[in-house]
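I opened this entry to look up how the chain packs.

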Amino acid sequence: MQVAVFILVVLVLVALSGALVRLVRLPLPVLQIAMGAALAWPARGLHVEIDPELFLLVFIPPLLFADAFAAPKRELVALRGPILDLAIGLVFFTIVGFGYALHWLVPSIPLVVAFALAAVLSPTDAVAVSSIVDRNIVPARLMHILEGESLLNDASGLVMFRFAVAAALTGSFSFAAAPLSFLYAVAAGILAGMAALFVAAKALQLLNRIGGVPAEAQVLIMILVPFVSYLGAEHIGASGILAAVTAGLLTGVSGMFRFLGVSARMQTMSLWSTLSFVFNGALFILLGLQFPDIIRKVPPELSSRHWIIEPVLTVLLLTLCLIGLRFLWIWIGDMAGAMAARLGKRKAEPFGLRVRLAGSVAGVRGAITLAGILSLPLTLQDGSPFPARDVVIFLAAGVIICSLAIASLALPKIARGLVEPGEDPAAAEERRARVGAANAAIARIESIANEAGEGGAVEARLAVADSIVAGYRRRIAASDEADEARAEAREASRLELELRAAGIAAERAALRAMFLSREINDHTMRALFSEITLTEALLKQRRDRK
């Protein structure tokens, strides 16, 4: 019962955070972490022990799957060079640079444990970044790189973290075996994700052939894909995170949605949107629940002189070290890319100083970091305590908070003005797509309407076709590049939406009246309300795009 109540409390806090974020000037992840920390404060008497393995299984696969599914695949492929450079190259650079810096700053931490902390700090959290800064003030190219990096560096960072922990447990590390193990974890993880997707597609295809299967059964198969891919990869010693990311990236292009009915597609998209919001919110609240207990237990190695100043200063220096290493790597990669473009006689697109700085500050740490560091074993193989375990857990928690705080304060100021005023390229692309699709629909409808027929059938077909084509022509006019034509079309569209909204309100009132007077039962009312809700959702989508 206590677990059930705790889950309900977390869900209530997630809902409240969605409302409070409109009232307070805090990024949503920061607000949720603060709410979790307040809930766990001693005066509240609430503390929860989190199993790191269970934490990773429940939260990370579905969130990474959803992020990968929503990621723009074309842009990720076009920017694969800088993305892989950050997701793999920067991870190794961070492990070496930060590991030695940490060992020098806190000598009580063995070098191999310092490398483990550096590895688990290398993954970034793009969810937190997108909540901190508005996409409209960050260059689209930089945002796509950050999204792609966060999808892939989770796998590379955690794989290297496992190597470092294994070296700490056994007291030895094989430089010859590490690259092969890393390649196996990556390759097998990708294959596991593809295999899970193939099995899901075959299951949906089978249900489609059977016919009459409830849409909920099809939705359940889609929900299970990230978990199956993650567990399958972990079972064979591969990267479960990379398997979930692979499944998410390939879901849209695999064609498996054609085996879903219309209702199942709508329910899948709606459910994933809800799960993403709930899981993200619950994840940050759970992180906040851990922080008070971690911070109260300040390790003596960090507080020999000043109980507060020394630990805070250490965390701040380590966070600035991460930002500095990231800035240095981005600058080197940017210069190398520009040089390669000149040698290949291609147009160079180097980042400016402010964009490099924004990309460096945007590398905030989040759930993966804390979940990974909490999974450190308590003892070595000989039964002795794991060296400096409490110290690195404290430092990891501190860096998460500090990186979020620095990004929240600095990133909006650094990024402001980087985007040129004018029409968003994505909006222009969407407008062109709408015009092209509408013209194709008009051509097809007119072709069908002009087919041979008899008497009244021809007139009825032409009348219906004219009505449908008129709607498509209004859509084209609303996307016209001429300001006057677009203004007229938008005004007509606004009036249409206003009248349709009034009609929907009248429908709802009439259905309620018939239900209260017992002319219809609740089953009929729910069925009709579902249709009205769908129409209302489409109208809202059209209104939001104006």
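My notes follow, from the whole chain down to single residues.

**Overall**

I am working with a predicted model. I looked up the secondary structure and found 20 helices and zero strands in the protein chain. The chain has 546 residues, and 44% of them count as buried. I then checked contacts between residues at least 6 apart in sequence: 78% of these join residues at least 24 apart.

**Helix α6**

Is helix α6 buried or exposed for the most part? I looked up residues 111-121, which form helix α6. Eight of the 11 residues are buried, so the helix is largely enclosed by the rest of the structure. I listed the buried ones: Val113, Ala114, Ala116, Leu117, Ala118, Ala119, Val120 and Leu121. The cover over these residues includes α5 and α8 (140-170). It also includes α13 (309-343), α15 (367-374) and α16 (389-415).

**Thr94**

Which residues does Thr94 contact, leaving aside neighbours within four places in sequence? I found Gly99, Ala118, Ser122, Leu322 and Leu325. Ala118 is also one of the buried residues of α6. I also looked up a C-alpha separation here. Thr94 and Ile323 are 229 residues apart along the chain, yet their C-alpha atoms are separated by 10.0 Å.

**Aromatic pairs**

I counted ring pairs and got five aromatic pairs. One of them is Phe92 with Phe182: the ring centres are 5.6 Å apart and the planes stand at 70 degrees, so the pair is edge-to-face. The angle cut-off for that class is over 60 degrees. Phe92 lies in helix α5 (residues 80-105) and Phe182 in helix α9 (residues 177-210), so the pair ties together parts that are 90 residues apart in sequence. Phe92 is partly exposed, at a relative accessible area of 33%. Phe182 is buried, at 10%.

I also looked for a charge over a ring. Lys73 lies over the face of Phe69, at 5.8 Å from the ring centre.

**α10 against α11**

At what angle do helix α10 and helix α11 pack? I read off about 145 degrees, with the axes 7 Å apart. Helix α10 covers residues 215-235, and helix α11 covers residues 240-254. The crossing of α10 past α11 is right-handed. On the α10 side I noted Met222, Val225, Pro226, Ser229, Tyr230, Ala233 and Glu234. On the α11 side they meet Gly240, Ile241, Ala243, Ala244, Ala247 and Thr251. By class, the contact residues divide into nine nonpolar, three polar and one charged. An α-helix has 3.6 residues a turn, so residues three or four places apart point the same way.

**Leu260**

Leu260 counts as buried, at 4% relative accessibility. What does Leu260 touch, not counting residues up to four places away in sequence? I found Leu204, Gln218, Met222, Arg265 and Thr268. Met222 is also among the α10 residues that meet α11. The C-alpha atoms of Leu260 and Ala215 are separated by 7.9 Å, across 45 residues of chain.

Notes:
Residues are numbered from 1 along each chain as its sequence is written. This is a predicted model: local features need pLDDT of at least 70, side-chain atom pairs count only at pLDDT 80 or more; totals for chains, interfaces and linings use all residues. Side-chain values use heavy atoms; hydrogens and water are left out. Rings of Phe, Tyr and Trp (its six-membered ring) pair if their centres lie within 6.5 Å; planes under 30 degrees apart count as stacked, over 60 as edge-to-face and the rest as tilted. Helices (H or I, at least four residues) and strands (E, at least two) are DSSP runs, numbered from the N terminus. Buried means under 20% relative accessible area, exposed over 50%, partly exposed in between (1.4 Å probe, protein chains only). A charge sits over a ring if NZ of Lys or CZ of Arg is within 6 Å of the ring centre and within 35 degrees of the ring normal. Axes are lines fitted to C-alpha atoms, for helices over the stretch in contact, and angles run from 0 to 180 degrees between N-to-C directions. A crossing is left-handed if the near helix is turned anticlockwise from the far one by less than a right angle, and right-handed if clockwise. Contact means heavy atoms within 4.5 Å. Ala, Val, Leu, Ile, Met, Phe, Trp, Tyr, Cys and Pro count as nonpolar, Asp, Glu, Lys and Arg as charged, and the others, Gly among them, as polar.
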